[in-house]
Amino acid sequence: MAFTKLMQWLLGLAAFSGLWATLVANAAQPHHFLHKHEFLVLALPIILIGLFGIYAVFIVLYRVFTFNNCEEAAEELNKQIQQARKDLSSKGFSFDKIK
Amino acid sequence: MMYPKRETRSAKMARDNEEKSRAGDKYSILLPTYNERENLPIIIWLICQYLDKSGYNYEIIVIDDGSPDGTLDVAKQLQKIYGEEKIVLRPREKKLGLGTAYIHGMKHATGNFIVIMDADLSHHPKFIPEFIKLQQEGNYDLVSGTRYIGNGGVYGWDFKRKLVSRGANFLTQLLLRPGASDLTGSFRLYKKSVLENLVARCVSKGYVFQMEMIIRARQLNYSIGEVPITFVDRVYGESKLGGSEIIQFAKALLHLFATT
């Protein structure tokens, strides 16, 4: 049985938490090179979530604005509806009965 | 000198056989209807236009769920014009849901492939030959129409509708990674055995049913081909995306996230 998507996400989250905890512990040491950036290390999850949020908003909006408007398809369909009605009437189909 | 010649001949025979088996393919188009008396004659006319031209063997199975507007009478008129071979009527007494409509339709389907589509003209039959061609090229287990890639698109959607659609799609792709770009569309071609297997496993109702079908397909390692389609929404005013649909969608998404 393969992992569910939920399990995959939890695994990823656990892996990231471990990595982040290590960074935080290192940054807390006064002589560690990360000590100067302790705040940045602490805020890392929030920064990453924020960046992903911006990416998501950008991507979704881009896709909304580039979502094709199928004007031609609608026109073609309207023409074909007229053709169909004409052709079906000539074959004995009664549109009146269904109105 | 004889050997290569013989090989060519056997290769040719293999090719002929392949063509023969393709010639034996039949496509059963399932049209579940509810109050579609205006659209049914048009959609059937279009299907016949495009499939007769392309030469594929097909039948249209109309599954009407006791429409009060007389859709079934319209279907009967059409059956007289196109014949009982082409138009097969399998009505049910009342509205019983999409999944059971497919099961019901499939029971009577004589094709080895099943096409499912909406009868409200939002799905154009001109794409069916494209589905078939792609399926043959890649021997796909299912081919799904998609509004989200290539020349695909929609007509008649305002900004809000597009935003909800794109947003929901983004979230679904992120959480489920389904290997298909359009999950809630319902214009698809299936191998019959594949559709039978999928329908038997799906529990959702309504339009999230389509999403579950494609997620289960991925879970079962079925191959999925995609054809860009134009989706012409002519039903103005009546938005299909109300609050209850969004809650339904969110529930289904979380359910599939936790279980697949």
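Two residues are in contact if their C-beta atoms, placed from the backbone, lie within 7 Å. Keep that in mind while you select chain B: among its contacts between residues at least 6 apart in sequence, 85% join residues at least 24 apart.

A word on ground rules. This is a predicted model, where local features need pLDDT of at least 70 and side-chain atom pairs count only at pLDDT 80 or more, while totals for chains, interfaces and linings use all residues. Residues are numbered from 1 along each chain as its sequence is written, and chains are lettered from A and ligands numbered from 1 in the order in which they are written.

**Chain B, overall.** Switch to cartoon view: chain B has nine helices and nine strands (DSSP runs, H or I of at least four residues for helices, E of at least two for strands, numbered from the N terminus). Of its 260 residues, 41% count as buried. Buried means 20 or more other C-beta atoms within 10 Å of a residue's own, exposed means 12 or fewer, and partly exposed is in between, with C-beta atoms placed from the backbone.

**Into the core.** Now pick B:Ile29, B:Leu31 and B:Val115, which touch the most other members of the 72-residue largest nonpolar core. Such a core is a set of buried Ala, Val, Leu, Ile, Met, Phe, Trp, Tyr and Cys residues joined through C-beta atoms within 7 Å. Helix α2 (residues 40-54) of chain B gives the most to this core, with eight residues. Zoom in on B:Ile29: leaving out residues up to four places away in sequence, B:Ile29 touches B:Ile47, B:Tyr58, B:Ile60, B:Ile61, B:Val115 and B:Met117.

Next, select helix α7 (residues 192-201) of chain B. Which of its residues are buried? They are B:Val194, B:Leu195, B:Leu198 and B:Val199. Among the elements covering the buried residues are β5 (142-146) and α8 (208-219) of chain B.

**Where the chains meet.** Finally, show both chains: their contact takes 26 residues from chain A and 31 residues from chain B. On chain A's side, α3(A) brings the largest share, nine residues.
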